[in-house]
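Please open the structure in your viewer and keep the selection panel at hand.

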Amino acid sequence: MPELPEVETTVRGLARFLEGERIVSVRVNRPDMRRPFPPDLVQALTGATISGLSRRAKYGILHTDRDHAMVFHLGMSGRWRIDPEAEDRHDHLVLATADHVFALNDPRRFGSVDLLLAPELDLWPPFAALGPEPLGEALTAEHLREATRGRKQAIKLLLLDQRIVAGLGNIYVCEALWHAGIAPRKPGGKVTMPQLRRLVPAIRDVLERSIRDGGSTLRDFAQPDGELGYFATRFHVYGREGEPCHHEDGGTIRRIVQGGRSTWFCPVCQR
């Protein structure tokens, strides 16, 4: 599933072509993806100008001058194609400006599109329950301390809880915990403040580096221009079971399962 850096990369890629542009046509090629397309989507977007683009957690947002916002989620295999050479049967939503065509392509149809009034964005249930953005100033060691105080659940699983931190996914939690030297199975309530103070910048660093590099090379993910990211070639633990840790005094990377998902970590470096 595309994670935060992939969504951020997508939003930035779309912004280069869409920001300030007027939508001249909207076409919906099927009634639904994960859920039905909003019935008033075509009417609301046709003729509207895209006033800006943003991201919340793993959602991308197109803001319009009509006080509407179109919120999209890429699901497991979604991506935007800009000026595709040919239409694909998995292009479920197609927007056009005077100069470009934008196709939301999603073979597995786990993505979604919603239309909201801009003033109600923060009240929308998927957004209302979210914790702070990992790249924002609200994510601090003190916030994590309060959110994990007394918790027996593993810190890895707590960081995947969107109510604690918005948008963090499996890949980047594994990487951030390695950078911070924290064992993924350690109970959240036992993670020390010095460790949390290392963890917050580690989260930001691994996300920012991935965004700069264009996202991870997930099998189905591509930026709007079709280029795959390459951050996966720089993973320190993710997917590296049995390989040596990149720290000189580290051990061998292990894989365990937590909450039904794989976790990779170094048993020597992470305590």
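Predicted model: local features only at pLDDT ≥ 70, side-chain atom pairs only at ≥ 80, totals over all residues.

Two strands pair if DSSP finds at least two bridges between them.

Select β1, β6, β7 and β5. These strands form an open sheet of four strands in the order β1-β6-β7-β5, and their pairing is antiparallel. At the edges stand β1 (25-28) and β5, each with a single partner strand, so one side of each is left without a neighbour in the sheet. On average, neighbouring strands of this sheet are turned by 15° against each other, direction ignored.

Over how many bridges do β1 and β6 pair? They pair over four bridges, in the antiparallel sense. Within this pair, display valine 26, which stands opposite leucine 95 in β6.

**Second stop: two loop residues**

Select alanine 57, in the loop between β2 (50-56) and β3 (59-64). Its phi is positive, about 55°, although alanine 57 is not a glycine. Is alanine 57 buried or exposed? With a relative accessible area of 2%, alanine 57 is buried, because a residue under 20% counts as such.

Then move to aspartate 83, in the loop between β5 (79-82) and β6 (91-96). Aspartate 83 is likewise a residue other than glycine with a positive phi, here near 50°. Its relative accessibility is 36%, and aspartate 83 therefore counts as partly exposed.

**Third stop: a pair of helices**

Two packed helices are described by the angle between their axes and the distance between the axes. Select helix α6 (residues 170-180) and helix α7 (residues 193-213), whose axes come within 8 Å and cross at roughly 130°. That angle makes α6 oblique to α7. The crossing in which α6 passes α7 is right-handed.

Finally, show the side chains where the two helices meet. On the α6 side, the residues in contact include Tyr172, Leu177 and His179. On the α7 side, they include Arg198, Leu199, Ile203 and Val206. The residues of the contact of α6 with α7 divide into nine nonpolar, three polar and three charged.

Key: Residues numbered from 1 in each chain as written. Heavy atoms only, no water. Axes fitted to C-alpha atoms, helices over the stretch in contact; angles between N-to-C directions. Parallel < 35°, antiparallel > 145°, perpendicular 65-115°, else oblique. Left-handed = near helix turned anticlockwise from the far one by under 90°. Contact = heavy atoms within 4.5 Å. Nonpolar A, V, L, I, M, F, W, Y, C, P; charged D, E, K, R; others polar. Buried < 20%, exposed > 50% of the residue type's maximum accessible area, 1.4 Å probe, protein only.
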